[in-house]
Amino acid sequence: MGRLPLAIDIVIPTSGRYDLTSNCLSHLARQTRAHTVIVSDNGDGEETAERVRSEWAAVRLIRSTQALSFAAACNRGVAAGEGEVVVLLNNDVYARPDWLERLVAPLESDPRTGSAACLLVQPDEQLIDSVGLCADPTLAGFPRLAGLPVTRAGDPRPALVGPSGAAAAYRRTAWHQVGGLDEAIFAYAEDLDLALRLRCAGWRASVVPDAVGMHIGGATHGRGTAWQRRHAGFARGYLLRRYGVLRGRHALRALVTESAVTFGDAILSRDLAALSGRAAGWRSARGMARRSAPPDALDAQIGMRDSFALRRRIYARS
């Protein structure tokens, strides 16, 4: 007798933009795999909550009257469910009908797999948005294979560290073991941190290039805004300290890279959002327990020049 299929909760954090949420839910309604949808709404206006209640009776709605971080909204949504698999999904991701069925397959076939990443394509569906995440030796994280043709989605390098939080599947037991997303990070890189903690706990990460979703990207908070750069900077400073990067063998590379990035951002954007964010993140991590990054989760082949090239590729789409 075969194993019973795992129960699946899909958690969608929202903050306004009901048009995106409605489209996302419409695509989920066509999935070939049974699931429960939980919308964790951050209370940015009434429209999303009211219309989800009235138009999507099968969707479980959790409402907050104050703006939560992405991590907190996701954690609340996960806590409201009971499925053996938890799928995080941004409301600006539109999944193909077989996306969910393909995405959870590694979790059902291998009990040691704790997470799974899918292929997210850009709106033209010709270029890759991400195939999970990769990270260089300084813990700088990047969307894997971003900007490359979709025919490259199966490339083994750079190495996968874990899924992107925009569309990711997690085994609930693995999620609970490491404590879910770190709510000290308001936005950006919380998925990288979770991926590292899962790998450190011994869980495998799988990649499923034939599980495909289209990602609009930046639809809620925008791309290249001071808000985005400040919060991304906060996450970077926070992780540099939590993982002791500046006390390790790659400290000089990290210092040179961060100096170049923040200086360039200040020149281009004419503000200090990236620098002030990093400083705030560094201060926030003061006194916290040190975390470890398993060496096999970081791609030593991503050199400094490669890291800058990956950043330019990301910024080109911003």
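Biologist: Why is Trp-227 called partly exposed?

Modeller: Its relative accessible area is 27%. Buried means under 20%, exposed over 50%, and partly exposed lies in between (1.4 Å probe, protein chains only). So 27% makes Trp-227 partly exposed. This is a predicted model: local features need pLDDT of at least 70, side-chain atom pairs need 80 or more, and totals for chains, interfaces and linings use all residues. Residues are numbered from 1 along each chain as its sequence is written, and side-chain values use heavy atoms, without hydrogens or water.

Biologist: What makes the pair of Tyr-170 and Trp-175 edge-to-face?

Modeller: Rings of Phe, Tyr and Trp (its six-membered ring) pair if their centres lie within 6.5 Å; planes under 30 degrees apart are stacked, over 60 edge-to-face, the rest tilted. Here the centres are 5.4 Å apart and the planes at 65 degrees, so the pair is edge-to-face. Both Tyr-170 and Trp-175 are buried.

Biologist: Which parts does the pair of Phe-186 and Trp-227 tie together?

Modeller: Phe-186 and Trp-227 are also edge-to-face, at 6.0 Å and 75 degrees. Phe-186 lies in the loop between helix H6 (172-178) and helix H7 (190-200), and Trp-227 in helix H8 (residues 226-242), so the pair ties together parts 41 residues apart in sequence. Helices here are DSSP runs of H or I, at least four residues; strands are E runs, at least two; both are numbered from the N terminus.

Biologist: Why is strand S6 (residues 113-121) called largely enclosed?

Modeller: 9 of its 9 residues are buried, so the rest of the structure largely encloses S6.
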